[in-house]
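I opened a new notebook page for this model.

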Amino acid sequence: MVFISFCYAQQGENKALFQLSGIITDASNGASLPAATISVKGTELGVQSDKNGKYILKVSAGKVHLYCQYLGYMAEDTIIEVSANRQFNFLLHPSSQGLKQITIQATADNHKEIATQNLTVLQGTDLDRTRGLSLGEALKSVTGVTTYQTGPSIAKPVIHGLTGSRVAILNNGVTLQAQQWGQEHAPEIDPFVANQIEVIKGAAGIRYGADAISGVISVNPKPLPTDTGSMDAEVNAVGMTNSRLGAFSAMLEGALGKKLAGFSYRLQGTFKRAGNTSTPDYVLGNTGLMEDDFSAAVQYHHKNYGIEGYFSNFNTKLGIEYDTEVGSITDLEQKIAIGHPVTYYDFTYLIDRPYQTVNHSTAKVKGFLNISDSSKIELQYSYQVNTRQEFEELSFSPSLAPAIYLQIHTAAVEANFDHKDGGGFSGTVGLSGVNQGNIRMYGYLIPNYVDYDGGAYVIEKYRHNKWLFEAGARYDYRWLQAYAFDADQAKINTTTTSYSGTSATAGATYNLTDNLKITGNYSAAFRPPSINELYIDGVHQSIGEFEIGDANLKTERANDFSLDLNYTSKWLLVDLEGYYNRINNFIFEEPTDQYYHAQSGALLEFQYTQANVFFRGADLNVLIKPLDSLDISSKTSLIYAWNETIHDYLIYTPPTRLQNGFTYHFGNLGAFRNISVGAENIYVAKQTHVPVGYDFAPPPNAYSLYNAHIGFKLIINKTLADFDIAANNLTNVAYKDYLDRFRYFADEPGRNIIFRLRVPFKILNNNNKQ
């Protein structure tokens with residue numbers, strides 16, 4: 001929801017002022033509540049909580065009457081005594097009379113977002129209902145976001161038609177540095193760590209660099225606890241009928257007391273296993289997965305300084321559908337013509353060749369220093385290691401070694417200075433540097449390389465009455481040295497290239513009324529070609545392709561315009577965003593309309609090319625609450641893309657998507673609490689805007705899916721446990737998705753019943769056992 005009122009009271013010069021701070025959280029699940037309003041009754045003094053639910057308020061000594069409210073929750077009204085700086089936290093309870101929603105506009109001052117760009121936050125119940133899904137699948141509920149898939153278990157997020165290295169993905173504030181160039185290289189993040197997932201739609205390169213030319217996805221854990229002497233835990237369990245997936249995640253966190261006050265910690269782990277996925281008519285062979293993840297965090301926090309450490313390890317093994325590997329070109333053509341497997345398989349958890357394994361480790365250290373009440377310096381260092389191995393079928397590769405082995409090491413450092421003054425100005429200045437290197441073994445796909453990146457940026461905001469103005473600029477430099485293999489001369493060629501460019505943004509928000517606001521933003525961004533786009537040359541067996549790069553590719557340059565209209569009232573939310581994004585020298589992978597015959601069999605051939613293109617579209621999100629207990633939602637995503645170079649449509653553009661549903665809240669019934677029942681329909685149109693004869697198979701037909709869910713809470717050992725049962729593709733429709741690379745060979749998954757259980761519980765409270 002949009003909370004846009006900031007009120008500042010004049011404090012008497014003769015009164016002592018003290019700092020009152022704290023965190024606003026959901027009492028049922030501990031989720032932080034950003035943009036909650038905290039005010040002092042009887043005055044005009046008030047602030048909003050930041051993205052982590054934290055607030056800071058300057059108050060006079062004496063009794064202070066606080067009022068905290070957040071849409072969808074019961075307000076808290078309390079009086080506290082203030083005689084020194086102190087902390088006071090709010091626990092808000094969900095209310096069935098509140099307007100349920102998941103969209104929050106970034107209007108509060110926050111150095112991590114461009115305030116005049118569209119920000120959507122997935123959290124609370126809406127996030128809980130995605131547990132067990134991959135990050136890409138979880139984000140499909142966000143208007144304007146879909147996925148580029150490779151079979152049933154691999155999904156990459158797509159924002160306004162753009163994916164891959166154009167979408168910056170952050171894991172607890174660290175930009176994910178992995179082999180995201182591969183179409184089947186999904187983000188290596190465990191969604192169970194997330195307390196909220198933020199999606200910025202539009203070029204956000206000012207804050208996040210050239211890899212954010214289409215948007216940012218930030219996976220954020222909840223803040224570490226600060227209640228001294230406490231220890232909390234949480235367990236999540238998920239089961240699915242399709243693929244018989246089982247997932248279990250557990251978390252332990254606490255804050256130390258006495259002489260160690262200020263120290264807090266968190267340990268978290270996830271295990272997931274699934275077998276072959278089923279379509280309505282057959283089982284997809286070798287589509288199982290195994291995953292085990294671990295993360296740990298520790299923090300020391302003082303009111304004026306602090307330091308935190310974080311480590312995560314993501315480890316997965318993914319089966320690749322058998323039918324993507326074939327012997328001859330004739331067999332491949334026949335498989336595409338048939339459109340489904342010619343061999344039928346039974347269910348099994350066994351993962352056979354072909355498969356891939358991925359391990360991603362991330363470590364970071366971050367510190368901050370408050371220079372004053374409104375200025376802060378942050379320093380962050382991170383190191384990542386990403387290792388990928390891809391294994392062919394043994395009939396094609398007599399060796400037990402992988403066909404492809406790639407390992408990327410990335411070190412990054414960031415420094416940011418935030419400031420805010422009393423004249424309405426606030427902003428951030430930052431520097432960043434990245435060093436990355438790749439090690440490859442066995443088969444050649446991309447070369448070894450060394451990459452050095454550096455950037456500097458500034459963002460300034462100004463608030464005046466009903467206006468918010470914003471402007472920013474950034475400069476980036478990249479030095480890339482690649483050791484590419486020349487197959488014709490059987491030698492290694494060392495090639496050095498450098499790229500530099502500037503990005504800029506300007507935007508404004510005007511609050512027409514307390515309920516209605518309009519926001520406009522213009523962003524200019526650039527993106528250098530990635531290593532695979534330049535130098536890839538070889539068999540990519542896991543997606544059944546032979547891929548060809550182009551060392552002469554130029555830098556992409558984008559001009560992105562967006563206009564957002566947002567209306568919010570007690571019973572209605574309407575958010576309408578229109579955008580136009582023109583990209584010169586747009587780099588994309590296109591089919592050559594030829595097949596490549598390798599030793600391992602026949603493959604589809606793709607090559608990288610460039611064109612001048614534009615994307616235009618609209619995202620509409622409507623939420624209606626005609627009754628206190630009824631929510632009706634509608635989400636529409638429209639997108640049109642044109643390739644000006646060939647005067648035809650751009651290939652692989654998401655089709656029109658409509659998502660309509662309702663949720664009815666029954667309240668309490670005996671031992672069952674917060675009972676809710678809902679259903680939705682997802683309609684995806686046939687993509688008719690495609691270049692004729694440009695693909696190996698025409699786009700699939702439109703499809704319509706029905707989903708349903710029921711959720712409730714039960715008290716288990718004095719703890720409210722969350723239960724959720726969902727049914728996806730309830731009518732078991734057979735369909736293909738245009739953005740699935742394996743649509744040439746098979747249908748999408750059939751009906752899937754999902755069972756979810758979440759149990760939070762308290763072990764210690766101020767060193768007392770619970």
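Which residue in β13 is the bridge partner of Leu170? I looked it up: the partner is Thr175. I note at the start that this is a predicted model.

**Entry: the sheet around β13**

I followed β13 to its neighbour. Strand β12, residues 167-171, pairs with β13 in the antiparallel sense, over two bridges. Then I traced the rest of the sheet. Five strands form an open sheet, and I wrote down their order as β9-β14-β15-β12-β13. The pairing in this sheet is mixed. The edge strands are β9 (118-123) and β13 (174-175), and each pairs on one side only.

**Entry: the whole chain**

I stepped back for totals. I found five helices and 41 strands in the chain. The chain has 770 residues, and 58% of them are buried. I also checked the contacts between residues at least 6 apart in sequence: 66% of these join residues at least 24 apart. The chain exposes about 30600 Å². Carbon and sulfur atoms supply 57% of that area.

**Entry: salt bridges**

Side chains of opposite charge can pair when their charged atoms come close. I searched the whole structure and got 31 salt bridges.

Arg166 and Glu556 meet through their side chains at 2.6 Å, N to O. Arg166 sits in the loop between β11 (155-159) and β12, and Glu556 sits in strand β31, so this pair ties together parts 390 residues apart in sequence. Are the two residues buried or exposed? Arg166 counts as buried because its relative accessibility is 7%. Glu556 is buried too, with a relative accessible area of 0%. I also noted a network of salt bridges that links Arg166, Arg527, Glu533 and Glu556.

Next I took Glu577 and Lys201, whose side chains form a salt bridge of 3.8 Å, N to O. Glu577 is in strand β32 and Lys201 in strand β14 (residues 196-201), so I logged a link between distant parts of the chain, 376 residues apart. Glu577 has 2% relative accessibility and counts as buried. Lys201 has 5% and counts as buried as well.

Lys272 belongs to strand β18 (residues 263-274) and Glu291 to strand β19 (residues 289-301), so the pair ties together parts 19 residues apart in sequence. Lys272 is buried, and so is Glu291.

**Entry: Asp575**

How far away is the nearest side chain of opposite charge? I read 5.8 Å, to Lys201. A salt bridge needs the nitrogen within 4 Å of the carboxyl oxygen. Asp575 is buried yet has no salt bridge. What does its side chain touch instead? I found a polar contact of 2.7 Å with the side chain of Asn566. I found another, of 3.4 Å, with the side chain of Asn118.

**Entry: Ser562**

My last stop was strand β31, residues 556-568, where Ser562 lies. Ser562 counts as buried because its relative accessibility is 18%, and the cut-off is under 20%. I left aside its neighbours within four places in sequence and listed its contacts. They are Thr519, Gly520, Asn521, Glu577, Gly578 and Tyr579. Glu577 was already in my notes, from its salt bridge with Lys201.

Conventions. Residues numbered from 1 in each chain as written. Predicted model: local features only at pLDDT ≥ 70, side-chain atom pairs only at ≥ 80, totals over all residues. Heavy atoms only, no water. Helix = DSSP H or I, 4+ residues; strand = E, 2+ residues; numbered from the N terminus. Buried < 20%, exposed > 50% of the residue type's maximum accessible area, 1.4 Å probe, protein only. Contact = heavy atoms within 4.5 Å. Areas by Shrake-Rupley, 256 points an atom, 1.4 Å probe, with all protein chains shown as cover. Lys, Arg positive; Asp, Glu negative; His and termini not counted. Polar contact = N/O pair within 3.5 Å; in protein donor to acceptor, adjacent residues only side chain to side chain. Pairing = 2+ DSSP bridges.
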